[in-house]
Amino acid sequence: MALFQFLHEGVEAEELSVRSPLQTRALIELLAGFSKMFASEDMQERLQGFAEEHFQPFILSQLKHRRWSIRMNALYWIHDFKMKSMLEPLKKLHASKKVSKAEEMQLLKIQVLFDEKKLVERLSETKHELSEFEFSLLFHSFREDQFRPLISAFDNLPEVMRFALIDSIGVKNRMEHVSFLKHLLDTGTTELRVRALKAVVGMEFYLDIPTLSVHLHADSWQERLMAIKACEYIRSTELSPVLQNLMSDPSFYVRSQAAQSLLRLENGQALLREIAAYAEDGYARDMAEQWLERGAVS
C-alpha cells in the first residue's frame with residue numbers, strides 16, 4: 001500500500017525508509033522493475049528523485065566494487081533511474097584502464113540517455129573495439145536529434161559505424177532518412193549500396209522502377225539480390241522481363257529470389273510454367289519447377 005501511494009501519488013511513507021544494505025538492494029530492484037514497466041512522466045520523475053535521495057550512497061559503493069557483476073548491476077540501476085547525480089563517478093569509471101567492454105557498452109547507453117555532448121566523438125574513440133551489432137544496439141536508442149549528427153558525420157565515421165547506422169535506419173524505420181539512403185544508392189560503394197537496399201527493404205519503401213533497374217543489373221550478386229527483394233513491394237508486370245532474365249543468373253540465391261518475385265506477380269505462375277517448359281537455360285528451368293512445386297507465396 002505504501003509503495004502504491006508513492007508511485008501514484010508521490011506520498012512517501014515511513015515503510016519506504018530502508019536501513020540495511022539487504023533492504024536497500026531489495027527496494028532498488030523492486031523500483032527498478034517499476035521504472036521499466038511504467039511510462040508515466042510523473043512516475044518516472046518520482047522514481048528518479050527517490051533514487052537520487054535514498055539510493056545514491058549504496059549504488060555508488062556498488063559502482064566502486066571489485067566484482068564486475070556488482071558494478072554492472074549498479075550501472076543498470078543508474079540507467080533505470082536516470083540518475084544524473086552519478087555523472088562524475090561514471091566519468092571516472094569510464095576513464096579507468098580496467099573498465100570492461102560490457103561496462104563501456106552500458107556507460108555509452110547511459111551517455112545516450114543523458115544526451116552527453118560530443119557523443120559521436122565518444123563512439124568513434126571507444127576503449128574497446130565494438131562490433132557492428134553493438135553499434136546498432138546503441139544507435140537504435142538514439143533520438144532523432146541525436147541521430148542527425150551521425151548522418152552529417154557519415155563520411156568520417158569508421159566503416160563499422162557506417163554499416164550500423166544504415167542498419168539502424170532500416171530497423172527503426174527512420175523514414176526521414178530515406179533521401180540519405182537514396183544518396184547512398186547513387187554514390188556509395190557496392191557494400192554501402194547493398195546495405196542501403198537492405199534498409200529500404202526493411203522499411204518496405206517503394207523505389208521507382210528506373211532506380212531498381214540499375215541495381216538489378218549490378219555486377220554484385222548481393223546487390224542484385226537485394227534489388228529483387230525491393231521489387232516485391234511493387235509487384236509490377238513492368239519488372240517481369242528483367243526478373244525472367246535473372247532466372248538465369250549465375251547466383252543460386254538471385255535465381256531463387258527472382259522466381260519468388262515472379263510468382264508474386266498477377267500472372268506469375270503462368271510465367272514460371274513457361275520458363276519451366278521452354279527456357280534454354282537449365283538452371284532457369286529447374287528453379288521455375290522448384291517454385292511451382294512450392295505453390296503460391298503471400
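Glu204 sits in the loop between H13 and helix H14 (209-216), where helices (H or I, at least four residues) are DSSP runs numbered from the N terminus. Phi of Glu204 is near 55 degrees, a positive value in a residue other than glycine. With a relative accessible area of 54%, Glu204 is exposed; exposed means over 50%, buried under 20%, and partly exposed in between (1.4 Å probe, protein chains only).

Before going on, a word on what you are looking at: this is a predicted model, in which local features need pLDDT of at least 70 and side-chain atom pairs count only at pLDDT 80 or more, while totals for chains, interfaces and linings use all residues. Residues are numbered from 1 along each chain as its sequence is written, and side-chain values use heavy atoms, with hydrogens and water left out.

Lys82 also has a phi near 55 degrees, again a positive value in a residue other than glycine. Its place is the loop between helix H5 (68-81) and helix H6 (87-95). Lys82 counts as partly exposed because its relative accessibility is 30%.

Let us return to H13, which covers residues 190-203 and holds Glu191. Glu191 has a relative accessible area of 35%, so it is partly exposed. Its side chain is joined to that of Arg195 by a polar contact of 2.6 Å. Such a contact is a pair of N or O atoms within 3.5 Å; within protein, one must be able to donate a hydrogen and the other to accept it, and residues adjacent in sequence count only if both atoms are side-chain atoms. Glu191 and Gln222 are 31 residues apart in sequence, and their C-alpha atoms are 8.8 Å apart in space.

Now for helix packing. Two packed helices are described by the angle between their axes and the distance between the axes. Here the axes are lines fitted to C-alpha atoms, for helices over the stretch in contact, and angles run from 0 to 180 degrees between N-to-C directions.

Take helix H10 (residues 144-152) and helix H11 (residues 159-171): their axes come within 11 Å and cross at roughly 135 degrees. That makes H10 oblique to H11, since angles under 35 degrees count as roughly parallel, over 145 as roughly antiparallel, 65 to 115 as roughly perpendicular and the rest as oblique. Phe147, Leu150 and Ile151 in H10 meet Met161, Leu165, Ser168 and Ile169 in H11, with contact meaning heavy atoms within 4.5 Å. By class, this contact of H10 with H11 has 6 nonpolar, 1 polar and no charged residues; Ala, Val, Leu, Ile, Met, Phe, Trp, Tyr, Cys and Pro count as nonpolar, Asp, Glu, Lys and Arg as charged, and the others, Gly among them, as polar.

Pro149 and Val120 are 29 residues apart in sequence and 7.4 Å apart in space, C-alpha to C-alpha.

Next, helix H18 (residues 268-278) and helix H19 (residues 282-294) pack at an angle of about 140 degrees, with axes 8 Å apart. H18 is therefore oblique to H19. Residues making the contact include Leu272 and Ile275 of H18 and Ala288 and Trp291 of H19. The contact of H18 with H19 divides into 7 nonpolar, 1 polar and 3 charged residues.

Our last stop is Gln257 in helix H17 (residues 252-264). Gln257 counts as buried because its relative accessibility is 10%. Leaving aside residues up to four places away in sequence, Gln257 touches Leu225, Ile228, Lys229 and Glu232.

Notes
Helix = DSSP H or I, 4+ residues; strand = E, 2+ residues; numbered from the N terminus.
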